[in-house]
Protein chains: 2
Amino acid sequence: MMKLLGVLPFARELLMKAVTEGDVVIDATAGKGNDTLFLSKLVSNTGKVYSFDIQEAAITATRKKLAENNQDSNVQLIHDGHEKLLNYLDQDDYENIAGAIFNLGYLPGSDKTVVTTPETTIKAIEHIIKHLKVEGILVLVVYHGHAEGKVEKDALIPFIRALPQEHFHVLEYQFTNQINNPPFIIAIEKRG
Amino acid sequence: MMKLLGVLPFARELLMKAVTEGDVVIDATAGKGNDTLFLSKLVSNTGKVYSFDIQEAAITATRKKLAENNQDSNVQLIHDGHEKLLNYLDQDDYENIAGAIFNLGYLPGSDKTVVTTPETTIKAIEHIIKHLKVEGILVLVVYHGHAEGKVEKDALIPFIRALPQEHFHVLEYQFTNQINNPPFIIAIEKRG
């Protein structure tokens, strides 16, 4: 047992604070579909989830998970890179995103050569935070145990720390006495 | 408004998770008495608060604040350095501390030459975490805007990051896109 929230429960807690019924949200890395399912329930049938993945296997797994949970009516599955967000985002949803999540790294149990990359990740973050609504939150779960993950982290940190404080709160949440480079959280909240 | 918890509310939230009625707790830096009052209410009359400060003005202010709130019966005010904890801690309270808080820096509105120092801070932390109970949490609010604060932070970070992960969870919680060196949180939880 543990009183401090672990990284994954903390990510969920932040999304629950920012997102409610009827909201528009983004899962930038569908993966096995766990976060897409979670977000789909959170926004309910009156809301909308855009769920991206560049891997067909992830889209298939997520579609299956949603169907098994009868939770697919409010999800748009997009087999494309999250940096192409603006090709898919309805104009009605501009500056109206309540929450978004990235799991940065590779799809667990899949091809480890297919990883998120700093250029596309940062481009996607830029698009999403521009279209967050006030008090909307983007959550990044940063896995950096693999070599490309360290490169991505090293590009990401200066970018998020340079976001203007008059427009965004940027929080880092990290367990720092662990030896195996455990994932950590970056959260970006849009200010009013 | 803000959905992400600010540093001071987050510190309070951690103490509320770890501490309940009847517990033994420590305010390592009484200051104006705000945290001592908060902890005194949290542990109630069946609990105990040890509250340290090296400055007479802080002890006086804390005593006054507790009396005004009829909340002084469970507080032991100690006009001495927190590194001398073992001179004061009852043997019954050994390995039974549920929560502790430090506000590292100088007493606001007071003599800015009287600051916490790395050697005594680290010695006090060592004593306290030895006597935390399982799932007990020590919270450090690290002010590092002043020159000595930066020195203290630079000594503290390697110390807390080297705490053995089989015995402690060490969490850092920090807003990282702000220009004025705002305070951040270090939380240390004892593992079972």
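**View 1. Gln71(A) touches Leu37(A), Ser40(A), Lys41(A) and Leu66(A), when residues up to four places away in sequence are not counted.** A contact here means heavy atoms within 4.5 Å. Gln71(A) lies in the loop between helix 3 (56-68) and strand 3 (75-78) of chain A, where helices (H or I, at least four residues) and strands (E, at least two) are DSSP runs numbered from the N terminus. Its relative accessibility is 15%, so Gln71(A) counts as buried; the term buried stands for under 20% relative accessible area, exposed for over 50% and partly exposed for what lies in between, with a 1.4 Å probe and protein chains only. This is a predicted model, in which local features need pLDDT of at least 70 and side-chain atom pairs count only at pLDDT 80 or more, while totals for chains, interfaces and linings use all residues, and side-chain values use heavy atoms, with hydrogens and water left out. Residues are numbered from 1 along each chain as its sequence is written, and chains are lettered from A and ligands numbered from 1 in the order in which they are written.

**View 2. Helix 2 (residues 34-43) of chain B is largely enclosed by the rest of the structure.** Eight of its ten residues are buried, namely Asp35(B), Thr36(B), Leu37(B), Phe38(B), Leu39(B), Ser40(B), Leu42(B) and Val43(B). The elements of chain B that cover these buried residues include the helices 1 (7-18) and 3 (56-68), together with strand 1 (24-27), strand 2 (48-52), strand 3 (75-78) and strand 4 (97-104). After helix 2 of chain B comes Ser44(B), which has a positive phi near 60°.

**View 3. The charged end of an arginine sits over a phenylalanine ring in chain A and in chain B.** In chain A, the charged end of Arg12(A) is placed over the ring of Phe38(A), at 4.2 Å from the ring centre. In chain B, the charged end of Arg12(B) is placed over the ring of Phe38(B), at 4.1 Å from the ring centre. A charge is taken to sit over a ring if NZ of Lys or CZ of Arg is within 6 Å of the ring centre and within 35 degrees of the ring normal.

**View 4. Phe10(A), Tyr173(A), Phe175(A), Phe10(B), Tyr173(B) and Phe175(B) form one aromatic cluster.** Over all chains, the structure holds nine aromatic pairs, a pair being two rings of Phe, Tyr or Trp (its six-membered ring) whose centres lie within 6.5 Å, called stacked if the planes are under 30 degrees apart, edge-to-face if over 60 and tilted for the rest. Phe10(B) and Tyr173(B) make a stacked pair, with 3.7 Å from centre to centre and 5° between the planes. This pair links distant parts of the chain, since Phe10(B) belongs to helix 1 of chain B and Tyr173(B) to strand 6 (residues 168-175) of chain B, 163 residues apart. Phe10(B) and Tyr173(B) are both buried. Tyr173(B) also pairs with Phe175(B), here edge-to-face, with 6.0 Å from centre to centre and 85° between the planes, and both of these residues are buried.

**View 5. Strand 6 of chain A pairs with strand 7 of chain A and with strand 6 of chain B.** Pairing requires that DSSP finds at least two bridges between the strands. Six bridges connect strand 6 to strand 7 (residues 184-190) within chain A, in antiparallel sense, and Phe168(A) has Lys190(A) of strand 7 as its bridge partner. Between the chains, the two copies of strand 6 are joined antiparallel over five bridges, with Phe175(A) opposite Leu171(B) of chain B. Seven of the eight residues of strand 6 (residues 168-175) of chain A are buried, so this strand is largely enclosed by the rest of the structure.

**View 6. Glu95(A) and Glu135(B) have positive phi values.** Glu95(A), which is not a glycine, has a phi of about 50°, and its place is in the loop between strand 3 and strand 4 (97-104) of chain A. With a relative accessibility of 52%, Glu95(A) counts as exposed. For Glu135(B), phi is near 70°, and this residue is found in strand 5 (residues 132-142) of chain B.
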